[in-house]
Amino acid sequence: MVISREKVIPLIDIKIDGERVEQVANFTYLGHWITEDGRSDQEVKRRIGIAKNTFSRMSKLLTNRRISFATRSRLTKCYVWSIFLYACETWTLNASLERNIEALEMWLYRRMARISWKEKKKNKDVLEEIGLKHTELLKTIKTRQLAYYGHIRRHQSLQKTIMEGKINGKRQRGRKRKSWLGNMEETTTRRINECCEVALNREEWRRTIASNLWQETEQR
């Protein structure tokens with residue numbers, strides 16, 4: 001595989017013991033879908049599909065009104081959310097993916113509460129009906145990403161070398177692509193240089209995570 005921003009991916013010619021290594025456009029590594037464009041879009045969409053299939057298989061239990069909604073919500077987080085959130089710490093999110101993630105959470109809530117799309121209820125009304133003030137899935141992802149960033153920053157590892165490394169050359173014309181470190185800046189509302197310093201102190205970084213995600217929740 002060659003990971004590149006170019007539309008036409010260059011071909012490689014690598015041989016091991018005289019046999020040419022097959023070049024692929026994507027593959028699964030430790031359960032995570034890696035594509036040659038280096039984006040997270042396909043992996044997030046694949047996880048959404050897997051989560052929905054899991055919910056559908058457990059629908060008799062998770063939509064049973066004889067069980068309290070709070071209990072069914074905990075079961076959903078245990079069996080469905082955990083599948084969707086696998087390796088979410090590594091995702092690079094954009095506005096489109098964030099909308100897809102929130103749509104997945106509302107899809108789950110509507111089916112758990114047996115609210116049909118024909119009722120034309122807004123998401124806000126659905127949340128009020130099930131006793132929630134706001135969605136939680138996207139907040140969980142951002143919390144995990146910030147915690148993972150702090151862990152990488154405080155330890156010498158290959159991940160830290162890759163995260164802080166620079167590539168020589170000029171970037172392409174046009175708007176800059178969203179980056180994983182850019183997500184950290186957006187979530188914390190701090191420049192990445194400041195995040196680097198704060199993350200070295202575990203307790204201060206935890207306070208930063210709690211403070212910024214609380215403010216984001218209030219804004220939503």
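Biologist: How many helices and strands does the chain come to?

Modeller: The secondary structure comes to 10 helices and 4 strands. Helices (H or I, at least four residues) and strands (E, at least two) are DSSP runs, numbered from the N terminus. A caution before we go on. This is a predicted model, where local features need pLDDT of at least 70 and side-chain atom pairs count only at pLDDT 80 or more, while totals for chains, interfaces and linings use all residues. Residues are numbered from 1 along each chain as its sequence is written, and side-chain values use heavy atoms, with hydrogens and water left out.

Biologist: In what order do the elements run?

Modeller: From the N terminus on, they run β-β-β-β-α-α-α-α-α-α-α-α-α-α.

Biologist: And what box do the C-alpha atoms fill?

Modeller: Roughly 65 × 45 × 35 Å, taken along the principal axes.

Biologist: What share of the residues counts as buried?

Modeller: Of the 220 residues, 34% count as buried. Buried means under 20% relative accessible area, exposed means over 50%, and partly exposed is in between (1.4 Å probe, protein chains only).

Biologist: On to the strands. How do β3 and β4 run, and how many bridges join them?

Modeller: Strand β3 (residues 26-29) and strand β4 (residues 32-35) run antiparallel, joined by 4 bridges. Two strands pair if DSSP finds at least two bridges between them.

Biologist: Which residue in β4 is the bridge partner of Thr-28?

Modeller: That is Trp-33.

Biologist: What do the two strands form?

Modeller: A hairpin, with 2 residues between the strands. Leu-30 in the turn has a positive phi of about 55 degrees, although Leu-30 is not a glycine.

Biologist: Is Leu-30 buried or exposed?

Modeller: Leu-30 is exposed, with a relative accessible area of 61%.

Biologist: What about Asp-17, where is that found?

Modeller: Asp-17 is in the loop between β1 (15-16) and β2 (19-20). Asp-17 also has a positive phi of about 55 degrees without being a glycine. At 80% relative accessibility, Asp-17 counts as exposed.

Biologist: Now the helices. At what angle do α1 and α3 pack?

Modeller: Helix α1 (residues 41-57) and helix α3 (residues 69-84) pack at about 155 degrees, with their axes 8 Å apart. Axes are lines fitted to C-alpha atoms, for helices over the stretch in contact, and angles run from 0 to 180 degrees between N-to-C directions. So α1 and α3 are roughly antiparallel to each other. Angles under 35 degrees count as roughly parallel, over 145 as roughly antiparallel, 65 to 115 as roughly perpendicular and the rest as oblique.

Biologist: Which residues make the contact?

Modeller: Among them are Val-44, Ile-48 and Phe-55 of α1, and Tyr-79, Val-80 and Phe-84 of α3. Contact means heavy atoms within 4.5 Å. By class, the contact of α1 with α3 has 9 nonpolar, 2 polar and 1 charged residues. Ala, Val, Leu, Ile, Met, Phe, Trp, Tyr, Cys and Pro count as nonpolar, Asp, Glu, Lys and Arg as charged, and the others, Gly among them, as polar.

Biologist: How do α4 and α5 cross?

Modeller: The axes of helix α4 (residues 95-112) and helix α5 (residues 123-130) come within 11 Å and cross at roughly 50 degrees. That makes α4 oblique to α5. Met-106, Tyr-109 and Arg-110 of α4 make the contact with Asn-123, Val-126, Leu-127 and Ile-130 of α5.

Biologist: Next pair. What angle do α6 and α9 make?

Modeller: α6 and helix α9 (residues 192-199) pack at about 70 degrees, with their axes 9 Å apart. That makes α6 roughly perpendicular to α9. Tyr-149, Gly-150, Arg-153 and Arg-154 in α6 meet Ile-192, Cys-195, Cys-196, Glu-197 and Ala-199 in α9.

Biologist: Is Arg-153 buried or exposed?

Modeller: Arg-153 counts as buried, at 12% relative accessibility. Leaving aside neighbours within four places in sequence, the contacts of Arg-153 include Lys-160, Glu-164 and Leu-200.

Biologist: Last one. Which residues are buried in α8?

Modeller: In helix α8 (residues 180-188), they are Trp-180, Gly-182, Asn-183, Met-184, Thr-187 and Thr-188. Just after α8, Thr-189 takes a positive phi of about 55 degrees.
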